[in-house]
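Hi everyone, thanks for having me. Have a look at the model on the screen, and then I'll walk you through a few bits of it.

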Amino acid sequence: MPSLELKTNVKIDDPKPFLLEFSKFSAEVLNKPELYISVSYDYNEYLTFNGTFEPALLLTITSLGNINPEANEKYSKALFDFFQKKLGVPGDRGYIAFYDPGLAYLGHKGTTFSAIFGK
């Protein structure tokens, strides 16, 4: 599992192709099978950053076992480059929050990943 929730004030006319590309890219960057990747896009025209409505974003990444300071630097660079290219949002116009809730605190298939992995 990783889950990537994107909030941005950049309107995407047809978000489906963007989201499929974002999913594939996220799997590569996070080194997780795309089978477990979930991405979402939330357009919010009222999202501000630094007191303006210029293109901006907020991204929350929830993932198990691969969130750490060194990896987060790599992820941040790759993702901000992606958003600059695809949405025109510069790296100084957003935040990425990295979150690893732990195996016992994430549910899937009617149980938790702790039970699935026997930990």
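Let's start with Glu21, which is partly exposed, at a relative accessible area of 35%; here buried means under 20%, exposed over 50%, and partly exposed in between, with a 1.4 Å probe and protein chains only. Before I go on: this is a predicted model, where local features need pLDDT of at least 70, side-chain atom pairs count only at pLDDT 80 or more, and totals for chains, interfaces and linings use all residues. Residues are numbered from 1 along each chain as its sequence is written, and side-chain values use heavy atoms, leaving out hydrogens and water.

So what does Glu21 pair with? It forms a salt bridge with Lys86, with the closest N and O atoms 2.7 Å apart; the term means a side-chain nitrogen of Lys or Arg within 4 Å of a carboxyl oxygen of Asp or Glu. Glu21 sits in helix H1 (residues 15–30) and Lys86 in helix H2, so the pair ties together parts that are 65 residues apart in sequence. Helices here are DSSP runs of H or I, at least four residues, and strands are runs of E, at least two, numbered from the N terminus.

The structure holds two salt bridges. Lys77 and Asp81 meet in one of them, at 2.6 Å from N to O, and both lie in helix H2, four residues apart, about one turn.

Now, strand S3 (residues 57–63): five of its seven residues are buried, so the rest of the structure largely encloses it.
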